[in-house]
Protein chains: 2
Amino acid sequence: MEDNLKLSNQLCFPLYACSKEIIRKYKPYLDKLNLTYTQYIVMIVLWEEKEINVKSLGKRLFLDSGTLTPLLKKLEEKKYIERVKSTFDERNLIIKITNKGEELKVKAKDIPTLVGSCLNLSKDETIELYKILYKILNNL
Amino acid sequence: MEDNLKLSNQLCFPLYACSKEIIRKYKPYLDKLNLTYTQYIVMIVLWEEKEINVKSLGKRLFLDSGTLTPLLKKLEEKKYIERVKSTFDERNLIIKITNKGEELKVKAKDIPTLVGSCLNLSKDETIELYKILYKILNNL
DNA sequence: TATAATTAAATTGTATACAATCTAATTTCT
DNA sequence: AGAAATTAGATTGTATACAATTTAATTATA
């Protein structure tokens, strides 16, 4: 089956391309907050959780310490988060959101809607896409 | 609308995570071919086209010369491709597949099926996902 | 309880990504 | 034709990603 290897028959490729292209759409909005996309999804978790250790954060975001350690140091430099050793278990590094980090949430609140609207998907398509993607993530 | 910024309500995040996790599934198979995922999708285009310039390749794959230039040099080192200046327009660099590159295609032919099967999607879901992703790509 | 095994982050090394800039070749325009 | 604008790749600088290894802390076990 030769067609197996045609780019147009690959499912991962449009996922990969969509992901990158949508992230590009975030850029102008995230630039105003001085955040990259990866830093933004870290902030999203912190807007929900207030504090979390690196391991749990990585599990939520499918990222490991090799990616998170330098990224979290940058967020700390920007004063959006604090990094503190846990006193209960010194192996754990607790990431805490700062007031400055909390304030970003207000500025960020319209971003999902703004980016979402350029996708031009119907309500049904949005729901279906969402459902299938989480099905894949749960299966992997 | 506070919920706007919950991770579970973001559409881009599961796309980003799925893309990365599926690419991870390719790794053991691609390791045997001494290819990374990005190098693999370049080879997929070349298995179809035989030759193409960097600009067109970038358009197909949503990648720019900053990513492609070093990647193509690596594929040349592995003798899977050749890089030749076009004689018609010296600004163009033509990427040609080599015999060694062609031979890889045989070894790669089962990879899409093998990776596809770990997604556990129904036929309908696969088609629907494919359709929505290309709709997004065409809209962007 | 001393040692082995495990765990969480950090580090190292390689490979993307991409914006911005640069350089050289080609077109366009006057 | 010659200058200006455009185009294709390459380069530079910053920021991920992630496998593999290392380090330090904790837990399990002989």
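**View 1. The protein surface near DNA strand D, sorted by residue class.** By class, the surface near DNA strand D is made of twelve charged, ten polar and seven nonpolar residues. The model shown here, and in every view that follows, is a predicted one. Altogether 29 residues surround DNA strand D, and the closest of them are A:Thr36 and A:Gln39 from chain A together with B:Tyr16, B:Lys55 and B:Thr69 from chain B. Of the atoms of DNA strand D that come within 4 Å of the protein, sugar and phosphate account for 80%.

View 2. From chain B, the side chain of B:Lys73 places an N or O atom 2.9 Å from a phosphate oxygen of DNA strand D. Helix H2 (37-49) and helix H4 (65-77) of chain A each give two or more residues to the surface near DNA strand D, as do helix H1 (12-32), helix H3 (54-61) and helix H4 (65-77) of chain B.

**View 3. The surroundings of DNA strand C.** Around DNA strand C there are 29 residues, of which A:Tyr16, A:Lys55, A:Thr69, B:Thr36 and B:Gln39 come nearest. The surface near DNA strand C consists of seven nonpolar, ten polar and twelve charged residues. Where atoms of DNA strand C come within 4 Å of the protein, 79% of them belong to sugar or phosphate, while the rest belong to bases. At least two residues of this surface come from each of helix H1 (12-32), helix H3 (54-61) and H4 of chain A, and likewise from each of helix H2 (37-49) and H4 of chain B.

**View 4. A:Gln39 in helix H2 of chain A.** A:Gln39, which is among the residues closest to DNA strand D, has its place in helix H2 of chain A. With a relative accessible area of 4%, A:Gln39 is buried, because residues under 20% are counted in that class. Once residues up to four places away in sequence are set aside, A:Gln39 touches A:Asn34, A:Leu71, A:Lys74, A:Leu75 and A:Lys78.

**View 5. A:Leu72 and the largest nonpolar core.** The largest nonpolar core has 90 residues, and the members that touch the most others are A:Tyr40, A:Leu72 and B:Tyr40. Beyond its neighbours within four places in sequence, A:Leu72 is in contact with A:Val42, A:Val54, A:Leu57, A:Ile81, A:Arg83 and A:Ile95.

**View 6. The paired strands of chain B.** Strand S1 (residues 51-53) and strand S3 (residues 93-97) of chain B run antiparallel and are joined by three bridges, with B:Asn53 standing opposite B:Ile94 in S3(B). Strand S2 (residues 81-85) of chain B also pairs with S3(B) in the antiparallel sense, here over five bridges, and B:Arg83 has B:Ile95 as its bridge partner in S3(B). In a regular strand, side chains alternate between the two faces of the sheet.

**View 7. B:Glu102 in helix H5 of chain B.** B:Glu102 belongs to helix H5 (residues 99-108) of chain B, and with a relative accessibility of 27% this residue counts as partly exposed. Apart from its neighbours within four places in sequence, B:Glu102 is in contact with B:Trp47, B:Lys50 and B:Ile97. The C-alpha atoms of B:Glu102 and B:Leu46 are 8.6 Å apart in space, although 56 residues separate the two in sequence.

**View 8. Chain A as a whole.** Chain A holds seven helices and three strands, which follow one another from the N terminus in the order α-α-β-α-α-β-β-α-α-α. The C-alpha trace of chain A spans about 60 × 30 × 25 Å along its principal axes, and 46% of the 140 residues of the chain count as buried. Among contacts in chain A with a separation of 6 or more, residues 24 or more positions apart account for 51%.

Terms used. Residues are numbered from 1 along each chain as its sequence is written. Chains are lettered from A and ligands numbered from 1 in the order in which they are written. This is a predicted model: local features need pLDDT of at least 70, side-chain atom pairs count only at pLDDT 80 or more; totals for chains, interfaces and linings use all residues. Side-chain values use heavy atoms; hydrogens and water are left out. Helices (H or I, at least four residues) and strands (E, at least two) are DSSP runs, numbered from the N terminus. Buried means under 20% relative accessible area, exposed over 50%, partly exposed in between (1.4 Å probe, protein chains only). Contact means heavy atoms within 4.5 Å. A residue is near a molecule or strand if one of its heavy atoms lies within 4 Å of it. A polar contact is a pair of N or O atoms within 3.5 Å; within protein, one must be able to donate a hydrogen and the other to accept it, and residues adjacent in sequence count only if both atoms are side-chain atoms. Ala, Val, Leu, Ile, Met, Phe, Trp, Tyr, Cys and Pro count as nonpolar, Asp, Glu, Lys and Arg as charged, and the others, Gly among them, as polar. A nonpolar core is a set of buried Ala, Val, Leu, Ile, Met, Phe, Trp, Tyr and Cys residues joined through side-chain atoms within 4.5 Å. Two strands pair if DSSP finds at least two bridges between them.
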